[in-house]
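Please study the sequence and the three-dimensional structure shown below.

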Amino acid sequence: MPQDRPGEPYEQARIFDQKLQLLHRLAHSVKRADTPPNGVFAILGAISQYEQHTGQPQLHMGHLGHMLHRSMPSVTRSVSQLEHEGLVVKSASSKDRRRVYLTLTDKGRETLERACETRFSLFEDIIGRLGEQDTRHMLEVLDHLAEIFEELSEERDQTTRQERNPPTL
């Protein structure tokens, strides 16, 4: 890690990075062994949320990648593993065989439900220890942080697209 960058902004960035890493490690240390990894939880949760919000039981794989900000190869690998474990079913569109849709199996729904109970129990404990005022403040800061990350992601995506497709003269 470079130590030659002087000044307060760099020091704050270093501390910010350390705190995020610490939270990440601590979150893993208190997680129970019977809960699925975060990636599995995210995929199962996204399929379930899509079904709840749209009333459609099938989620297109490309839409899943977009929802989770993950590349298609990454989504494909993860979904193949979940299919192998019997948590999701893949089905091809009858109109376009290249389009693949995902549906939760009963086992997938049960796995997600158990994971939610475990996760939310942990969050309830944290919220109870923080107190109402600190919890509200933390949620506001996290919302703002998520907005900033989303803006940065969009800016970087736009820069990448511009670099790949420079204007022709």
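L59 stands opposite L102, a residue of strand β3. The model is predicted, so local features need pLDDT of at least 70 and side-chain atom pairs count only at pLDDT 80 or more, while totals for chains, interfaces and linings use all residues. Residues are numbered from 1 along each chain as its sequence is written, and side-chain values use heavy atoms, with hydrogens and water left out.

**The sheet**

- Strands (E, at least two residues) and helices (H or I, at least four residues) are DSSP runs, numbered from the N terminus.
- Two strands pair if DSSP finds at least two bridges between them.
- Strands of a sheet pair through backbone hydrogen bonds, either parallel or antiparallel.
- Three strands form an open sheet in the order β1-β3-β2, and the pairing is antiparallel.
- β1 (59–60) and β2 (88–92) are the edge strands, each pairing on one side only.
- β1 is joined to β3 (residues 100–104) by two bridges in the antiparallel sense; H60 has Y101 of β3 as its bridge partner.
- Five bridges link β2 with β3, also in the antiparallel sense, and S91 stands opposite Y101 in β3.

**The helices beside the sheet**

- Helix α2 (residues 38–54) lies across β1, β2 and β3 and runs at about 95° to β3; axes are lines fitted to C-alpha atoms, for helices over the stretch in contact (heavy atoms within 4.5 Å), and angles run from 0 to 180 degrees between N-to-C directions.
- In helix α3 (residues 61–68), M61, L64 and G65 are buried, where buried means under 20% relative accessible area (1.4 Å probe, protein chains only).
- These residues are on the same side of α3 because they cover an arc of only 100° around the axis, the arc being that of the directions from the helix axis to the C-beta atoms.
- The cover over the buried residues of α3 includes α2, β1, α4 (72–84), β2 and β3.
- After α3 comes H69, with a positive phi near 55°.

**The second largest pocket**

- A pocket is an open set of points on a 1 Å grid over the protein atoms alone, where a 1.4 Å probe fits, with protein on both sides within 12 Å along at least five of seven lines.
- The second largest pocket holds about 220 Å³ of space, a volume being the space filled by probe spheres set on the points, which are joined across faces, edges and corners.
- It is lined by 14 residues (each with an atom within 4 Å of a point), and F41, A42, G45, A46 and Q49 are the closest to its centre.
- α2, α3 and α5 (106–130) each give two or more residues to this lining, and α2 gives the most, with seven.

Key:
Buried < 20%, exposed > 50% of the residue type's maximum accessible area, 1.4 Å probe, protein only.
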